[in-house]
There are 2 protein chains.
Amino acid sequence: MEVNPDLQMERDGATFDPIELTYIKDGGAKVTQRRRYIESLVCDDPDFQQEDPNFLSRDELYTSAVRRGVMIEKKILQLNITDAKEQYWFRDAAIRKRQGTAIALNNIMFVPTLIGQASEEQKRKWLPLATNLHIIGTFAQTELGHGTFVRGLETTSTYDPKAQEFVVHSPTLTSTKFWPGNLGKTVTHAIVMAQLITNGKHYGVHPFIVPLRSLENHMPLPGVTVGDIGPKMGFNSNDNGFLRLEHVRIPRDNMLMKHAQVLADGTYVKPPTNKLVYGTLVYARVGYLSACTDFLAMACTIVTRYSAVRRQSEMQPGAREAQILDYQSQQLKILPYIATTYAFYAVQRRSAEWYDRLQQQMATGNYSLLQKCHAVTAGLKGFVSYAMNSGIETCRLACGGHGYSHASGIPELYTYSTHLITAEGENTVMLLQTARYLIKCAGSALSGDVMSGQVPYLNEPIKEKCAIKSESDLLKLDILVDIYKHRAQRLVMEAAKKLHRDISEGQSQHNAWNNCHLQLLNAAMAHCHYITVSAFVGSVKDTKMSDSLKLVLTSLCQLYALYGIYQDSRDFMMDGYLSGHNITSITHHITSMLATLRPNAVALVDAFDIRDEILCSILGRYDGNVYENMYKWAKKSPLNKDEVHDSYYKYLRPFLRSQTSKL
Amino acid sequence: MEVNPDLQMERDGATFDPIELTYIKDGGAKVTQRRRYIESLVCDDPDFQQEDPNFLSRDELYTSAVRRGVMIEKKILQLNITDAKEQYWFRDAAIRKRQGTAIALNNIMFVPTLIGQASEEQKRKWLPLATNLHIIGTFAQTELGHGTFVRGLETTSTYDPKAQEFVVHSPTLTSTKFWPGNLGKTVTHAIVMAQLITNGKHYGVHPFIVPLRSLENHMPLPGVTVGDIGPKMGFNSNDNGFLRLEHVRIPRDNMLMKHAQVLADGTYVKPPTNKLVYGTLVYARVGYLSACTDFLAMACTIVTRYSAVRRQSEMQPGAREAQILDYQSQQLKILPYIATTYAFYAVQRRSAEWYDRLQQQMATGNYSLLQKCHAVTAGLKGFVSYAMNSGIETCRLACGGHGYSHASGIPELYTYSTHLITAEGENTVMLLQTARYLIKCAGSALSGDVMSGQVPYLNEPIKEKCAIKSESDLLKLDILVDIYKHRAQRLVMEAAKKLHRDISEGQSQHNAWNNCHLQLLNAAMAHCHYITVSAFVGSVKDTKMSDSLKLVLTSLCQLYALYGIYQDSRDFMMDGYLSGHNITSITHHITSMLATLRPNAVALVDAFDIRDEILCSILGRYDGNVYENMYKWAKKSPLNKDEVHDSYYKYLRPFLRSQTSKL
């Protein structure tokens, strides 16, 4: 394959070897090699060849998701891929990271919930059915009228001790389950979250296995109304569903009873701890960080390669049109997001380490890390997914007009990934959870407790001025971490004080909290930003690498930190910690850094190591042969099936003729 | 129709009458009444009833665009709607502001270009054909490899004096015309922008009428390869097309010759002025401002009404779940964008006035206003469309999960309107044009010229500190205008000085310009922001209205200005013009303003006066009956046609059975 000469020139001019960076990103050469091998099992397998999903109708998209889901599970069993990470790579490659499989929720939610919440006996019954796909399950929590606030769910599950059955019911329109993945047309079973009522008393939301469709003919069972919720902004291969239950009876044993139990006579037995549920949430969020980072990496890959190939306008009059990557305004759009992607890989690796430590601890019955991990991963999910969202859109718009075409791949990347902002905990709610934890810590610190984890800064005195001797000190990584630490420290403390003041002035606790949302969200974002900068700096400093790579990554890390200060200058300047003069220097540093990093831009995105088959972008092709393939792709548009479209005969010709006859 | 009680409560609690504000927005009660009448001609006409476009395939979407296009033109002729504004309302209502018509470009581009660039004789020939729709035209400028930089276009039109014909040709792959609307399957003719070559010399880009499809059978004419470019992020009812021309011959007379001419012997006659082309650009951009503002108004309407209806979480423990509009974090997302929408209506009205004045002037052969108008509308197009884009997305995300469903209407609003950022001049390029003008003005001002129009501030001395006596002065509208003026003044002057310094230190003019993009873009945005704040303040102060409305609009105007300062604090603080203490006060003012405006939120969006048929949103319905209609809509999803989807028989059942048989 002949590579576009402009792109080849970029690769030849890079000052480091991208594969070294790929190994770091993946966590070692062996991991990279294994990942590539697993991806090749999918990408080189004709059974996974697919029609361009851009040319399919919704119905065809869903059909392909069913076909793909079945194929994935067959192959995983055939190839005997048993490692969870490798299964993930396999599925991820098969869905090109962003197309649905109709059996996804069975693996992502149904089986893990069984593992986490079923008793040993229940596991023996249900797990083989689910993992061997005799049944297909999903997890049904969200309702038409109820989302993040789980306590507000309306579906009821009332115990009938005579029959030893639960009666699961949707008492109102707003209690209709809405959104669960694969629910509409695919699954046979769901774990339904419902308000438990037994012996006339309410015990809150608990999980119940409810069979939905006949295993004989797939028809909805009596009392079950189920269907697809209709087209969405993206992810249209997924049959997100609605579900209404009309007094549906299930055996008592279908309530998952690892924690709480309902005995045969209807007695409710309280769970010893409900903390384990939070462990699953932490795990899910660490996964989200990784997904968000991959999506941003894909968008950066597309826009950077295209910006090397695309030539537009004369920078010097009469000269050849310039590569758009040479314009400072274009570099400003792209390079900070490449830096952001590497920062997110670093913080994602760090979060995974926390989760591992948490798991080890929890296995010994010690939950002391749980609250911290829960708080920081909730906020990071918000912080990272917001940045991903605006990053992908910035990359798309930086592709100019062609970024609007599905040939670029970025529209789908955007419309798909943006659901991560609202799914599994809406971002504002997530960030407010982090804020609640930080405020609690601030209170402890103010009353003299020594803080650990990510918040020992709350014990430190707040400095008035950033301790730099010269403007070039602003490039030092430790100083940059300090700057972000100071900002988090100040904003958390000020939010805590404002809350305290408002309450002491007579506002109720809840009104004061609500009236402080602006400050609380700011503080939570600042904390997550600090964690991210510090993880990135840590990874650049502590990872063994060649000098040439270290030089590049150091610049990238500086750019990430400096650009963040530039964008959020208010927070750093308000108390005089940084001066206007400092910000001028930072602006200057940023523009120098853009020029420094420009020659390595393509190598930096090549290092993400995303196969063309997974990238699904004509603008982002590894070989840079953009225009010939755009044209080829356009010709395949289904509207071009016939030279003259049917609507001509039906509407256009009669009209044109009637107009002409008036002559 | 029964209105949701929560929404009714909002309307009952408003402190002003929305219709008064509607009249101001529209420019008078008579305009509103006429607009409503024209809209009713469409919305109440069964011929314009349509299937929900969300449930249609691309092919069906295009077919509906052809049908709609024909219907619109028939009815406009039947009803004898001749006023341009009223035709616009009619078409706008018929396309629900965002669905295509296959005949749109004929009216928007083909006819206006004929009017602007055809000679009187040519007009006599072509205008009746185009306006009476014996032919359908479009405008083909953009090429696969060439966008905003028009001089780089590659299509050639070479004069053959023997035959007295032009030979129009696509010499390279990258010269393929790409993107023109309605080009793919609909139009019969295009005005093709091509490099004129006569007597062996190149004369730059000129317009040529090229017949593309047979008027007999709609087949492409010899040498013409034309088709649809494939699916896009939005606007999929439009057959944006590609076009390759293989030595296609057209009569000499098909070059539009109002300005430049090619005589029979091939002699090129230069145009006396090419300034008139810019007049059309100004007109187009004023139209863009209006479209962007309407889209933002629609998104604000949807999220605000839904936030009154949606109840989620307990603000007080044990209390009824709160309307999400009551959360400060939700108000922070919505109210600044409602304010922005009204600010944009004000600046759009002001731009329309400039255009009127410009037209009157140009009619007398005086072009002195042209450059100014061109410069400011280019930047405003960028400034306004960026804010619209992030505003619509913020509104969508503020709808939570349901915002992701097409039932909300916002995804389509977003994926459609976002094309305005790149179309008709990519925003970065537009803003840099404004910057170029501002830098030129700064140079003149520095050399002592007295500046007029929007830039007399360049003659004023730069103040060191904002002249306020108390923190409440920051609420005074004149002071807010001054603050924005100061920022524009400082940023334009500093960019000019940096450029000058870099050049005097040895950088070439072009490198210096490129290395200054960050500062230039900032300066252009600051100028546009100043123009917008000042237009909004002007309209609040100068428009006659009731005291109750004036109170609300004053708060809204304060919120717009203060929130802008809060977001871009860096620019206002860097030189010490505003202090950290001022920003703290501004933050406090903003949160008070949110509480003040909250009770009028619904009335403020009701005043946009957008009919449900045009809004196309279940979440934004005027009656607030959201949930029952979400559920009804979901049931209509085409995937629900059969209880059991075909893919079950084809893929799922065989797989489930093969798995079960392994037991």
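Author: **The interface of chain B and chain A**

Between chain B and chain A there are four salt bridges, a salt bridge being a side-chain nitrogen of Lys or Arg within 4 Å of a carboxyl oxygen of Asp or Glu. One of them joins the side chains of Lys333(B) and Glu426(A), at 3.7 Å from N to O. The model is a predicted one, in which local features need pLDDT of at least 70, side-chain atom pairs count only at pLDDT 80 or more, and totals for chains, interfaces and linings use all residues. Residues are numbered from 1 along each chain as its sequence is written, chains are lettered from A and ligands numbered from 1 in the order in which they are written, and side-chain values use heavy atoms, with hydrogens and water left out.

Polar contacts also cross this interface: 67 residue pairs qualify, both residues at pLDDT 80 or more. Such a contact is a pair of N or O atoms within 3.5 Å; within protein, one must be able to donate a hydrogen and the other to accept it, and residues adjacent in sequence count only if both atoms are side-chain atoms. On the side of chain B that touches chain A, the largest share, ten residues, belongs to helix 4 (residues 58–78) of chain B; helices (H or I, at least four residues) are DSSP runs, numbered from the N terminus. That side of chain B comprises 53 nonpolar, 54 polar and 28 charged residues, where Ala, Val, Leu, Ile, Met, Phe, Trp, Tyr, Cys and Pro count as nonpolar, Asp, Glu, Lys and Arg as charged, and the others, Gly among them, as polar.

The size of an interface is often given as the accessible area lost when the parts come together. Here chain B and chain A bury about 11500 Å², with 64% of it on carbon and sulfur atoms; buried area is the accessible area (1.4 Å probe) that two parts lose on being put together, summed over both. In chain B, Met233(B), Tyr404(B) and Tyr631(B) lose the most area to chain A, together 7% of what that side buries. The contact (heavy atoms within 4.5 Å) takes 135 residues from chain B and 135 residues from chain A.

As to symmetry, chain B is superposed on chain A by a rotation of 180 degrees with 0.0 Å of shift along its axis, at an RMSD of 0.0 Å. This is the relation of a two-fold axis. The same surface serves both copies, since 100% of the contact residues of chain B recur in chain A. The superposition is by least squares on the C-alpha atoms of residues with pLDDT of at least 70 in both copies.

Note on methods. Helix = DSSP H or I, 4+ residues; strand = E, 2+ residues; numbered from the N terminus.
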